[in-house]
Amino acid sequence: MPDSAIRPRKEFGKTIAADITHRLREEIIACGLAPGEPLRFDVLRERFGASFTTLREALTALAAEGLVDAQEQRGFRVAPVSRQDLVEVTDARVLIEMELIRRAIARGDDDWEIAVISTLHRLKRIEQRDPEHPLSDPEWKIAHRQFHQALVSACGSATLLAIRAELFDRAERYRHLSANFRPRPRDKAGEHQAIMQAAISRNADLAVQLIEAHIRSTSDNVATYAGHLLDTE
């Protein structure tokens, strides 16, 4: 399997616009920029020292990913969170992940299995640093993304992988809300282990069942315990 299959989806730093896009994306996903928060050009120009054209390019790219709203006559804002968006993102992720993991299990070779096992091993090692608050570690976020990318990397469709990556980013904000408001610890390590084992055992039916439960657990927790933050427009 090529190295690119488990590298982060977006490269950054090649242009000023790409770098700003990456930095804003990370802040939006981590809820450092709150849902619905205005993205004013004067503030962004002072912060990034970039031109109006460059900032518009970055914000337009994020709007295409569903992370920013372009409001006619009113500029840009961070895309709000809502129950409807949560349901739509969750359902779309379930459909895509289930299909891609089936394809990956059918097509995956030894290199794919090694990538799945090794990315999970790295994720576990990082979790050992702070098992109670793994999302606070930036390395955990990268390792978590790489594990889920590795699971589907052998699916054989670059187009579906790109769609999946954008849905993963949109779901990341809800994942942060879920972690902040979950009333009891979740055994995510155990869930990841079970998904990995089903995948490398080529048990596609079990793997899709587990990945759906894994995704919907986050969604259900947000709806139940962070519902007061949804539909606040």
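Start by selecting helix α5 (residues 110-127) together with helix α6 (residues 138-152), whose axes, fitted as lines to C-alpha atoms over the stretch in contact, come within 9 Å and cross at roughly 160°. That angle makes α5 roughly antiparallel to α6, a term for angles over 145 degrees between N-to-C directions, on a scale from 0 to 180. This is a predicted model, in which local features need pLDDT of at least 70 and side-chain atom pairs count only at pLDDT 80 or more, while totals for chains, interfaces and linings use all residues. Residues are numbered from 1 along each chain as its sequence is written, and side-chain values use heavy atoms, with hydrogens and water left out.

Next, show the side chains between the two helices, where residues of α5, including W112, L120 and I126, meet residues of α6, among them W140, F147 and L151, contact meaning heavy atoms within 4.5 Å. The residues of this contact divide into eleven nonpolar, three polar and three charged.

Now select S178, which has its place in helix α7 (residues 158-181). Is S178 buried or exposed? S178 counts as buried because its relative accessibility is 3%, and buried means under 20% relative accessible area with a 1.4 Å probe, protein chains only. Beyond its neighbours within four places in sequence, S178 is in contact with T218, N221 and V222.

Conventions:
Helices (H or I, at least four residues) and strands (E, at least two) are DSSP runs, numbered from the N terminus. Angles under 35 degrees count as roughly parallel, over 145 as roughly antiparallel, 65 to 115 as roughly perpendicular and the rest as oblique. Ala, Val, Leu, Ile, Met, Phe, Trp, Tyr, Cys and Pro count as nonpolar, Asp, Glu, Lys and Arg as charged, and the others, Gly among them, as polar. Buried means under 20% relative accessible area, exposed over 50%, partly exposed in between (1.4 Å probe, protein chains only).
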